[in-house]
Amino acid sequence: MNNLSPAAQFENFVANIFQVMDYQVSISNEKDYDLNLNVDQQQYVIGIKYYRTTRAQMSLIKNAVSRLARSAIALSANKVLVVSSIIEDMSREALEKEFAVNIVDLADLLCWTSPFPELFEQLSNLLELKSLEEFTRKGRHIDCALTVNCNDKARLYSPLAFSDEADMADSLVSELDKIKFGKGAWRSYEIHAEKILNYLFENDLYGWQSQLRTDDGLNRYDYVCRIKATTDFWKLLIERLNSQYIIFEFKNYREKIGQQQIITTEKYLLEKGLRKVAIILTRNGANESAKKMAKGAMRELGKLLIMLDDSEIKKMIELKQAGSDPTDYLFEKTDQFLLELSR
């Protein structure tokens, strides 16, 4: 069994493609790109991004492109971003022109692997491609996709274009670390958690409402919003769990949350209200009794409660800053939760 994450498997697969095609490739030790490539004495740095969704959000891809451009600004090497999603020609060409970075997408990868049946099948299985009919754009040959024409070495990319995104992400993390635990800072934590959610899911959720009371006036949940079917994770919630809405609860406790917090949140979830999913933001996670209670809610009532601690929130912020999709992290966490669920 392959214990590597899908993202790590995709990175290995891309490296393998270059090796099979007799390119000189090596794993990078740098944080911001993944491979070093030599093509006809031309040096390339290769960034690789995996997305569960076939058509990833352009804002994420732009983050990835600009991060690669910024990280390689001092290098004379050409820059290439390889993504597992489809990018329309106009969008790809605009990004290549703006950031002087070549972009290789799924259509290109399908073209590259088509002469190699085993690689083609491996790519299809890795990305869970059910049908190739939706891919109307034909991929480019590798020589075309790696052309140096887009990488204008006479032009220096300014890192200022990346600074706003980096500053926002860094600020969210640093401010989270400053918030104290306990009731005295609960409102500060709640306000900041709202900022984090809007940053992470700005294109995925809408109709945000905070401090909303139920119609009987007895209960109040911290945050509720509607879900857009933008990525595989949100599609899972809508299509499989029949949840059009999602609740967020914020627990600013120093200790791990317990089963009582799960019981309280679970009561807000209603099957006929199309509200069957809650994400609980905690500072230090949940204890074992809380985890068992969450499993019971899923097993017996079909209600999904996801618990995220500070370290996971920071990881998701870092993912988005780097151009990866934070909802892929939620998908993998939920997938693992459901796989381990007993009868």
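The questions and answers below take features of this predicted model and set each against the definition behind its name.

Residues are numbered from 1 along each chain as its sequence is written, and side-chain values use heavy atoms, with hydrogens and water left out. Because this is a predicted model, local features need pLDDT of at least 70 and side-chain atom pairs count only at pLDDT 80 or more, while totals for chains, interfaces and linings use all residues.

Q: What makes the contact of Arg55 and Glu88 a salt bridge?
A: A salt bridge is a side-chain nitrogen of Lys or Arg within 4 Å of a carboxyl oxygen of Asp or Glu, and the side chains of Arg55 and Glu88 meet at 2.7 Å, N to O, so the pair carries that name. The two residues come from distant parts of the chain, 33 residues apart: Arg55 is in the loop between strand S3 (42-49) and helix H2 (58-71), and Glu88 is in the loop between strand S4 (78-83) and helix H3 (89-99). Helices (H or I, at least four residues) and strands (E, at least two) are DSSP runs, numbered from the N terminus. The search of the whole structure finds 17 salt bridges.

Q: Why is Arg55 called partly exposed?
A: Buried means under 20% relative accessible area, exposed over 50%, and partly exposed in between, with a 1.4 Å probe and protein chains only. Arg55 has a relative accessible area of 36%, and therefore counts as partly exposed. Glu88, at 42% relative accessibility, is also called partly exposed.

Q: Which residues are linked with Arg92 in a network of salt bridges?
A: Asp89, Glu93 and Glu96 are linked with Arg92 in this network. Between Arg92 and Glu93 the closest N and O atoms are 4.0 Å apart. Arg92 is buried, with a relative accessible area of 5%, while Glu93 is partly exposed at 45%.

Q: How many disulfides does the structure hold?
A: The structure holds 0 disulfides, a disulfide being a pair of cysteine sulfur atoms within 2.5 Å. As for individual cysteines, Cys111 is partly exposed, with a relative accessible area of 28%, and Cys225 is buried, with 2%.

Q: What makes the Phe201 and Trp234 pair edge-to-face?
A: Rings of Phe, Tyr and Trp (its six-membered ring) pair if their centres lie within 6.5 Å, and planes under 30 degrees apart count as stacked, over 60 as edge-to-face and the rest as tilted. Phe201 and Trp234 lie 5.4 Å centre to centre with 85° between the planes, so the pair is edge-to-face. Phe201 lies in the loop between helix H8 (186-200) and strand S6 (205-213) and Trp234 in helix H9 (residues 232-240), so the pair ties together parts that are 33 residues apart in sequence. Both Phe201 and Trp234 are buried.

Q: Why is the pair of Tyr223 and Phe250 called tilted?
A: The ring centres of Tyr223 and Phe250 are 6.1 Å apart and the planes stand at 55°, so the pair is tilted. Tyr223 lies in strand S7 (residues 220-227) and Phe250 in strand S8 (residues 245-251), and both residues are buried.

Q: How do you know that S3 pairs with both S2 and S4?
A: Two strands pair if DSSP finds at least two bridges between them. Strand S2 (residues 35-39) and S3 pair in the antiparallel sense over 5 bridges, and S3 and S4 pair in the parallel sense over 6 bridges, so each pairing meets the requirement. Ile46 in S3 stands opposite Leu35, and Ile46 also stands opposite Val80 in S4. Of the 8 residues of S3, 6 are buried, so S3 is largely enclosed by the rest of the structure.
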